[in-house]
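Hi there,

Here is the structure I promised to pass on. Have a look at it first, and my notes follow below.

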Amino acid sequence: MYSKDGEQYYVVDAHIALWDARPENQRNIHGKQFIDCFYDYHRNLSPESETWGYEEYLYQGGERLMRDVFVDGIVDHAVFQPARLAEFYHRGFGQTEEAFALAQAHPDKLTYNHYWDPRDGENGLEKLRENAERMQLTGVKLYTADWHGESRGWKLTDPMAYRYFEVCRELGIRNIHIHKGPTIRPLDRDAFDVADVDHVATDFTDLNFVVEHVGLPRLEDFCWIATQEPNVYGGLAVAMPFIHTRPRYFAQIMGELLYWIGEDRILFSSDYALWTPKWLVERFVDFQIPEDMTEYAPITTAQRKKVLGLNAARLYDLQVPEHLRLPEADETQTGPRDPAAADLATV
Amino acid sequence: MTAVLTDRAAVSEREVRAALGTVVDPELDEPITDLGFVRSVAVAGSGDGVHVEVHLRLPTSFCAPNFAWLMVSDASDAVSAVPGVGRVVVELDDHHDSELINRGLAAGLGYRGTFGHEAEESLDELRATFTRKAHTAAMERAVTALLRLDPAVDVAALTLGDLPAGEPTTEALLRRRAAVGLPLDPGAPVLVEADGTRPTHDAAAHFLRRARSVRISVDGNAHFCRGLLTTRYPGSEADQTPRPEDRPLIPLEVRS
């Protein structure tokens, strides 16, 4: 719970990880390149006071994670969204058993989502059933650019992926977090394109599709897809820290999201351990669209409350204290949610 | 950055850099020379034996390999076309696909020959997509510039002749229109897709809003990629040229 100026905010960090990128776990040069890329993101977008050393960035462990994520009691609940990256790391990047054990020890604070990969075929489907039962899965994280033998990517519309979605539907795994990345076959297309999300969202209307990084670097494609599908959500992982170094860019991202997908479908995330949630929550509560950006309406306190936690709580059935709840906005299911707030409303 | 020039060299580093200045990052819509992606240029030898070696660098090891290939192969073509240049080596440094790309380019394997089963056709459609986005972003900048001066302007009815002549946003739009083959006469409508499709009067605001999300994406990515390059390669700020003046809207300040 975060309190400021008489307002209380129920906070859900919808995207955290417990990773191990230490040299002994790196399978090859790509393991180092991958964590170095994360570290450059971290260094480039963090305030100086929140910037970590390289060594501590490689691995945090469960104890430190609990301190970092839940410091000062600001974050009420957090959701693991692991990436496998088995081609880069001996024991994978996301530490499944360690994270799952932590979630079991703190069920009120943590939800463990797992992953699947359609390239694991029939065996993977069996494994998904086992994992769903053992881990009581309600969500998964999918990384379409993960490498797998000769393959360096897959599409949500691959026939085998549909089999996995059908099993998700059957098992009650309803929150599908999607992370787009730079390699996917065929390479001659735009790998960041979220067009395949459009197809699966239409074919599986009972599943929720959370596009992480709100589609960045393809914000425009994401907004266009998401505005047409009532079951597509935007995860703010990686977008959040722009609030510090590039507040005007962050304002534009928020302005676009509120316009195209509305206040009920945007989810706060720190993307821990890329960043830590405390400073991001504090900044977001204080954040406002700059006055000279007349193309966007100001962000309201209710919108901040929804983004920071209430929207994710709804997806994950988290028990929000009665007095902190808010009704969903009376917005259209598809199409621009708030056209009247735009500078072009009168055009 | 090194330049080895002999007395008799007929090709200067300046000429090579000018050629590299024609190579554009399709996603960010800027020359690789302005972005700081050119790490080094070396010119050696003379006469028929002029040898040019260029090294490129990108903001992360995991920048998309298809875009990386486009820039590296365009750079090789551009330098090879400089009069007097003999042998050309262009290499991409520190990328997850550096080895594959550098080997494929050196062997003249082309895009499909280099990436094998991962490539289906050519990168032409990818390139065309981003040329269209560059036009969309330039259109939005020009119209929003006008809207800020006069919020009551009827955007649906705008023609090129209504845009302030000589303004950087207008000039940039005209260049992008030429690139996608749209008419340049003063009576030509401004709000238009790269293929000539026009929104109805009622759909004009929505059309412009969509264009705005494209422009924000291009500008935001450009700022972030520039920043990441300087984080990854300390000192590379000195090799970057600020975003051009034809993109003045809502400057995206950067704090450290």
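A definition to start with: two residues are in contact if their C-beta atoms, placed from the backbone, lie within 7 Å. Please keep in mind that this is a predicted model, in which local features need pLDDT of at least 70, side-chain atom pairs count only at pLDDT 80 or more, and totals for chains, interfaces and linings use all residues. Residues are numbered from 1 along each chain as its sequence is written, while chains are lettered from A and ligands numbered from 1 in the order in which they are written.

On to chain B. Among its contacts between residues at least 6 apart in sequence, 70% join residues at least 24 apart. Chain B has eight helices and five strands (DSSP runs, numbered from the N terminus: H or I of at least four residues for helices, E of at least two for strands). Their order along the sequence is α-β-β-α-β-β-α-β-α-α-α-α-α. The C-alpha trace of chain B spans about 60 × 40 × 40 Å along its principal axes.

UniProt, in an unreviewed entry, places the feature "domain: MIP18 family-like" at residues 14-89 of chain B; such annotations may be inferred rather than shown by experiment. That span is 36% helix and 26% strand, and its end C-alpha atoms lie 17 Å apart.

Then the interface: 38 residues of chain A are in contact with 43 residues of chain B. On the chain A side, helices H1 (29-45), H8 (219-226), H9 (242-245) and H10 (247-260) each supply at least two residues. H1(A) gives the most, with eight residues.

Best wishes
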